[in-house]
Amino acid sequence: MNNLYHLQNPYLPRLASIEKIIQETGDIKTFRLTFLEKDFSHLPGQFVELSVFGSGEAPISISSYFFGENYLELSIKKMGKVTSYIHSLRIGDKVGLRGPYGNTFPVERIKGQNLLFIGGGIGLAPLRSLIHYSLLKRDDFGKITIIYGARTPEDLVFKEELFNIWPGLKNTEVHITVDLATNSWQGKVGVVPKILKELNPSPENTVAFTCGPPIMIKYTLDVLKDLNFPEEDTVTTLEMKMKCGIGKCGRCNIGDKYICLDGPVFTLKELKTLPKEY
């Protein structure tokens, strides 16, 4: 099946094989998928439509960035019919992928700046793609600060990177918190916006990226405003039912924007132009 056919039929998925499965939490798995055709590339912030043959299709954020490699990772929370079936798959099983779709994090504009990542729960997944990118191109960026939280220690994702890899890297800080601590937990306790406020990061030459549960994002944006982060340097992502991925079905329409085309990445300044009901 050649590339021209893919260009002529945007609904035709590429085939990929499951190479690796990581059980992140009780209901979140990370799948490493290798393409059978070597023609896929993407940038941080984009998503794909994942096809599970016979079950359906779901939009999933790409949670990795591996330059020059023919694979990607998707971190998927078990929630509905399609994602439940995905969780039943094994290494070697085949799936389909359409995309990549959507805009990207502003990787060119943020060169030379400090990066502040603020994630909650599975919301760290899309941020992880930009974290990978910035660490691969480490000399293009200043200080990297990662603030991440989950409900309990068992709900933390990407534990190997959070605890053992990222903290030891050059000019990189990692702060991990949980809402509810267990007896063995020795780290921070408190919701993400509270920890952000306590850390009091400087907005000078810094771009903030946040993704997580809507209530976390709401209060995180309030804290960033209090810390004087400019709206154009405060970046988040929106989630909608992006069924087609190419702006045809209208399911992700908000005002004059289609999240699958104009998003899912938006600055706070851009968000303020959307209808108030959102």
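Colleague: Buried means under 20% relative accessible area, exposed means over 50%, and partly exposed is in between. Where does lysine 218 fall: buried, exposed or partly exposed?

Modeller: This is a predicted model. In it, lysine 218 has a relative accessible area of 45%, so the residue is partly exposed.

Colleague: Which side chain does lysine 218 meet in a salt bridge?

Modeller: Aspartate 222, with an N to O distance of 3.9 Å.

Colleague: How many salt bridges does the count come to?

Modeller: The count is 12. One of them pairs the side chains of arginine 109 and aspartate 233, 3.0 Å from N to O.

Colleague: Where do arginine 109 and aspartate 233 lie?

Modeller: In two loops. Arginine 109 is in the loop between strand S6 (94-101) and strand S7 (114-120), while aspartate 233 is in the loop between helix H6 (214-226) and strand S12 (234-237), so their pairing ties together parts 124 residues apart in sequence.

Colleague: Is arginine 109 buried, exposed or partly exposed? And what about aspartate 233, buried or exposed?

Modeller: Arginine 109 counts as partly exposed, at 41% relative accessibility. Aspartate 233 is buried, with a relative accessible area of 13%.

Colleague: Now helix H5. What separates glutamate 198 and lysine 194 there?

Modeller: About one helical turn, because they are 4 residues apart in helix H5 (residues 192-199). Lysine 194 is partly exposed, at 41% relative accessible area.

Colleague: Switching to strands. What order does the open sheet of 6 strands have?

Modeller: S4-S3-S6-S1-S2-S5, with antiparallel pairing.

Colleague: Which strands stand at the edges?

Modeller: Strand S4 (56-61) and strand S5 (71-77). Each has a single partner strand, so one side of each has no neighbour in the sheet.

Colleague: By how many degrees are neighbouring strands of this sheet turned against each other on average?

Modeller: By 40 degrees, direction ignored.

Colleague: Over how many bridges do S1 and S6 pair?

Modeller: Strand S1 (residues 14-23) pairs with S6 over 4 bridges, in the antiparallel sense.

Colleague: What is the bridge partner of leucine 15 in S6?

Modeller: Glycine 96.

Notes
Residues are numbered from 1 along each chain as its sequence is written. This is a predicted model: local features need pLDDT of at least 70, side-chain atom pairs count only at pLDDT 80 or more; totals for chains, interfaces and linings use all residues. Side-chain values use heavy atoms; hydrogens and water are left out. A salt bridge is a side-chain nitrogen of Lys or Arg within 4 Å of a carboxyl oxygen of Asp or Glu. Buried means under 20% relative accessible area, exposed over 50%, partly exposed in between (1.4 Å probe, protein chains only). Two strands pair if DSSP finds at least two bridges between them. Axes are lines fitted to C-alpha atoms, for helices over the stretch in contact, and angles run from 0 to 180 degrees between N-to-C directions.
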